[in-house]
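Biologist: Please show me the structure, and let us then discuss it through questions and answers.

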Amino acid sequence: MVTGSLFGIAFDALRTNRLRSGLTLLGVIIGVTSVMTIISALEGLTGSIEREIEQMGPSTFMIGTLLTAMSEQEALDKFKRKPLDYEAVQIIEDGCEVCDKVAPRAARGEDLKYRDQSMYDIVVVGATYHHVEIYDLEVDQGRFHSYEDDLYRRRVAFIGAGVYEKLYEGLDPLGKDIWVGNQKYTVIGVAKKKGSVFGASQDEFVYVPFDSFRRQFGISRRGLYISVKARSVDQLQEAMDEVRVLLRSQRHVPFDQPDDFDMLTAESLLTMLNSLTKILRFGLVGISSISLVVGGIVVMNIMMVSVTERTREIGIRKSVGAKRRHILTQFLFEAVILTLSGGIVGIVAGFLIASALVGMLNVQMNPSALAITAGLTVSTGTGLVFGIYPALKAARLDPIKALSYE
Amino acid sequence: MSLIETKNLWKTYEMGAEQVHALRGVTITIEKGEYVAIMGPSGSGKSTLMNLIGCLDTPSQGEYWLNSRKVSQMNDDELANIRNREIGFVFQTFNLLPRATALHNVELPLIYNGTSAQDRHAKAMRALEKVDLGDRVTHKPSELSGGQRQRVAMARALVNDPSLLLADEPTGNLDSKTSVEIMKLLDELHRQGNTIIIVTHEKDIAQHAHRVLSILDGEIAEDTTIPQEQRNGVH
Ligand SMILES: Nc1ncnc2c1ncn2[C@@H]1O[C@H](COP(=O)(O)OP(=O)(O)OP(=O)(O)O)[C@@H](O)[C@H]1O
Ligand SMILES: [Mg+2]
């Protein structure tokens, strides 16, 4: 009952001082806006990367000489490793009992050309027909290459939606020529559009049969990536162990030395991603909370001014029976209403900025419940933390002194 | 027991190294239904005594019972309760909330004892009608005359049916005609059974009361009863 009235009193006081209340809020608004935008952007970014990773499927793992590096030095060391070669693919195919599919993959940048349309330095991937069975690469038109295409080293190409849009705008691409480097291929399929992550299109690529790739380019110094699909998720670990033994013996790794290749599962990628974004999140939220602290100090300052200005009012309230806690609550309410409305404005602004970023960077934004809850909690907290001192000061005023304050 | 009993009240202010004794051992007794005026030169301690009686302040020494309850040792919250329920205080400077309407100003004491909005409104309206301001309830203090402001303050003092009405120079800021109106109202409230204590400089005003306490340098110098025939106003 009393609390409700105190809320009304606090609200009225702010309303009569609208301009000042608004200005006071700027800091809080900016703080909450940046927290909101950052959380939304991070959630959106990790969301799109997660979807990318999940295309790999839970029973698949990837082998390469440089898949992860936690430091520059580590990357340089791994760069010097002996590349994976085609023999490794055959050894795994022959020797791994619980492996279902083994898909080698090699990639390089090449220029593409169709009539007078060209694209430069586009990723060309040599992959076997297994690739579509392991990765969830969606076909929009035509088909991915088949066992026969691999077997007969046919010069056929499966192109990304971005390549299709650039080279064959308005045409039926199937059966058309495409120059990949200095070789002519025939387009047999187009992938479904994926969009882009941080401005980088995910649709500019060409897949050709693995052996056609080998015939044209050989195998680069960077070597191969091999994707292996275990028979089931339960046998993933067993498959990885078998492959490890096979590769170590093929590459003559002494028993007391660590692997000279990396193995990665979708799960371990996700774990890495999470630890990365956690650091990012703490760092960025930490930075943006500085503006919240500044905002909070502004609120505290204005509340101090308000308490001083309204000393007589406080004296009057006390003289008719307001207790300390009534005055305390009234001023805390004021501070919290202030910061909370700043928080709400900040959340809306953060949402708008996040949506604008979607347009600009093509990042999927998630103004999630987490971000909204964080925004509301943080702004209420700011009000409480920075409002408590002025409110206590008001509550402790001596009625006589307050009444005779000029 | 009497409504008010004080025993050897002292109020001392520390002014740097110096001590100012605003009250030096005030012992008084006031019964329910009395109409008392406190007189004395400026700086003699009248307001200090009123503030102690009104529980706005606590004595440095001595004891004070109000309605048989020992007030002199109460904590802040208990004092706030007494101020809210037992005491109506009228000040020389009105002390109204400038941005609030007359009605809201009168409702103020009721807010702090949890009276429902509906009851608050009804009681405040009744109090305002009692002081003849039933037609000014939505006016803010700046839209009222001095006398009307003081009547709003009196309505606020009365709204909780206090045992004691205190007025510290209630006519100090008013012209003589308006002062007469306010005194009439006080007389009427006394006639209705309220206990009233009023501080004043003016003999005319003091003569509305039945008893005059004279203060000099923080001590009660005289305690006189005013014979009926010398009283001002209708009794
Ligand atoms: N907060 C204070 N600090 C120091 N001295 C004070 C304080 N309040 C009052 N005094 C002193 O106490 C004495 C009594 O003051 P008080 O206000 O009670 O006088 P008063 O009789 O009401 O005078 P007036 O008729 O002018 O209102 C004065 O000497 C005054 O200076
Ligand atoms: Mg005085």
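Modeller: Let us begin with one residue of chain B, Tyr112(B), which is buried, with a relative accessible area of 5%; buried means under 20% relative accessible area, exposed over 50%, and partly exposed in between, with a 1.4 Å probe and protein chains only. This is a predicted model, in which local features need pLDDT of at least 70, side-chain atom pairs count only at pLDDT 80 or more, and totals for chains, interfaces and linings use all residues. Residues are numbered from 1 along each chain as its sequence is written, chains are lettered from A and ligands numbered from 1 in the order in which they are written, and side-chain values use heavy atoms, with hydrogens and water left out.

Biologist: In which loop is Tyr112(B) found?

Modeller: Helices (H or I, at least four residues) and strands (E, at least two) are DSSP runs, numbered from the N terminus. Tyr112(B) lies in the loop between helix H3 (102-111) and helix H4 (117-130) of chain B.

Biologist: Leaving aside neighbours within four places in sequence, which residue of chain B is in contact with Tyr112(B)?

Modeller: Contact means heavy atoms within 4.5 Å. With neighbours within four places in sequence left aside, the partners of Tyr112(B) include Leu6(A), Ile9(A), Arg317(A) and His326(A) from chain A. The partner from chain B is Asn84(B).

Biologist: What distance separates the C-alpha atoms of Tyr112(B) and Asn84(B)?

Modeller: Tyr112(B) and Asn84(B) are 28 residues apart along the chain. Their C-alpha atoms are separated by 7.6 Å.

Biologist: Is Glu169(B) buried or exposed?

Modeller: Glu169(B) is in the loop between strand E8 (164-168) and helix H6 (176-191) of chain B. Its phi is positive, about 45°, although Glu169(B) is not a glycine. Most residues other than glycine have a negative phi. With a relative accessibility of 15%, Glu169(B) counts as buried.

Biologist: What is the relative accessible area of Asn67(B)?

Modeller: Asn67(B) sits in the loop between strand E5 (61-66) and strand E6 (69-70) of chain B. Phi of Asn67(B) is also positive, near 50°. Asn67(B) is partly exposed, and its relative accessible area is 33%.

Biologist: What percentage of the residues of chain B count as buried?

Modeller: Chain B contains seven helices and eleven strands. Its C-alpha atoms fill a box of roughly 50 × 45 × 40 Å, taken along the principal axes. Of the 235 residues of chain B, the buried share is 54%.
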